[in-house]
Amino acid sequence: MPSLLMLLLGFLAIAGCSDSTEPGDGSNGDGPPINEVGLAVEVTAGGLESPLYLTAPVGDARLFVVEQPGRIRIIGNGELLSEPFLDISDSVRSGGERGLLGMAFHPGYASNGFFYVSYSSQPDGDTRIERYSASADPNVAEPLANRVIFTLEQPFVNHNGGQIEFGPDGMLYVGLGDGGGGGDPQGNGQNVGTLLGTLLRIDVDGGNPYAIPGDNPYVGVAGRDEIWAYGLRNPWRFSFDETSGVLYVADVGQNAWEEVSAVPDDLGGANYGWNIMEGRHCFAADPCDTSGLVLPVLEYGHSEGCSITGGYAYRGSGIPAIRGHYFYSDHCSGFLRSFRLLGNSIMDEKDWDVGDIGRVLSLGQDSSGELYILSANGRVYRLVAAE
């Protein structure tokens, strides 16, 4: 397997040398300078209880919103349907950083109806991933036999991660925090013998309950075979930009620094640095050895926020001027910010004035690549061009 350093250098050389201005390459194309662009938000729905995630199957105009207590709600034709798509609240341990935390539609959902959920289970709050299916009524789901895909004991109540997402390769990726507690007391972040503090990659079609992809970096060597990357504290959230081939990971900091990393989406074995590093700064010891670590492309201090909420590179058609720009927020500050990635550098950083959107719990993306903001005030906002 090529070294991590060689793969990263190759990726950065390709990304940094292109002078293309086609939409989708991370540039503004022929659009106006980003400082001349204005954005606003429109309320798509309200009355939701702690909406933590929004997604949609390929080619489906509906929006599926994950509520922390254990329900998935549908927004269809601009209306929030009264009956949940799925209600597993009796199985979910909710509160704080626990609850129904993620959802992912199978790439073949249109034909097989499969989707997956990630939640903190009753009674102990352990991580569980289960498979469900749409029923004869497309707005109502049903459980499947042998539906439990994955379980993992959580030693503390925080740092559960919780996002699941199918990558461009059709594999299911699972984001897991370091297990909780302050400063990674169990040393999970730098231990590839545990699944805590990692990004997993599993094949849900290749085995029961899943298979290990043969090209995962720890197959045949010391370490858990499911691990794709490690050194994470609490990845909230990660996303794949299939146009640029970049995986963005937003990792919540400890005492001082929030961060976003960006690597090639086919780069296995990346070490994101926790708890050697917090952002680009030594954490466990100073000085520290940063060799072999993936350092973030962006960080900000706790004078600006306290808990990063990761998002997406915009790939919709409604606002061409921001295509390729990565959007993110912060749970405490409620700002909306973006940047454009060029090689291993960021450009066109901007803090957007879209009004008061409350404490941002998550960002979401529909099947057309448009972006949404989910707030603790129970509303879902759609990002639009300012008039």
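Two strands are taken to pair if DSSP finds at least two bridges between them, the strands themselves (E, at least two residues) and the helices (H or I, at least four) being DSSP runs numbered from the N terminus. The model is predicted, so that local features need pLDDT of at least 70 and side-chain atom pairs count only at pLDDT 80 or more, whereas totals for chains, interfaces and linings use all residues. Residues are numbered from 1 along each chain as its sequence is written, and side-chain values use heavy atoms, with hydrogens and water left out.

An open sheet is formed by four strands in the order E7-E8-E9-E10, with antiparallel pairing. Its edges are strand E7 (100–105) and strand E10 (141–152), each of which pairs on one side only. On average, neighbouring strands of this sheet are turned by 20 degrees against each other, direction ignored, where axes are lines fitted to C-alpha atoms and angles run from 0 to 180 degrees between N-to-C directions. Strand E7 is joined to strand E8 (residues 114–120) by five bridges in the antiparallel sense, and Met103 stands opposite Val117 in E8.

Strand E28 (residues 380–385) pairs antiparallel with strand E1 (residues 39–45) over six bridges, and with strand E27 (residues 371–375) over three bridges, also antiparallel. Val380 in E28 is the bridge partner of Ala45 and also stands opposite Leu374. The hairpin of E27 and E28 has four residues between the strands, and in this hairpin Gly378 takes a positive phi near 85 degrees.

Grid points are joined across faces, edges and corners, and a volume is the space filled by probe spheres set on the points. The largest pocket holds about 680 Å³ of space; of the 30 residues that line this pocket, the closest to its centre are Ala56, Val58, Glu165, Glu242 and Gln365. Elements that each supply at least two residues of this lining include strand E2 (51–55), E7 and helix H2 (109–112). By class, the pocket lining has 16 nonpolar, nine polar and five charged residues, with Ala, Val, Leu, Ile, Met, Phe, Trp, Tyr, Cys and Pro counted as nonpolar, Asp, Glu, Lys and Arg as charged, and the others, Gly among them, as polar.

The structure holds one cavity of 30 Å³ or more. The largest cavity has a volume of about 40 Å³, and its lining includes Arg233, Asp251 and Trp274.

Notes. 1 Å grid on protein atoms, 1.4 Å probe; cavity = no way out; pocket = protein on both sides within 12 Å on 5 of 7 lines; lining within 4 Å.
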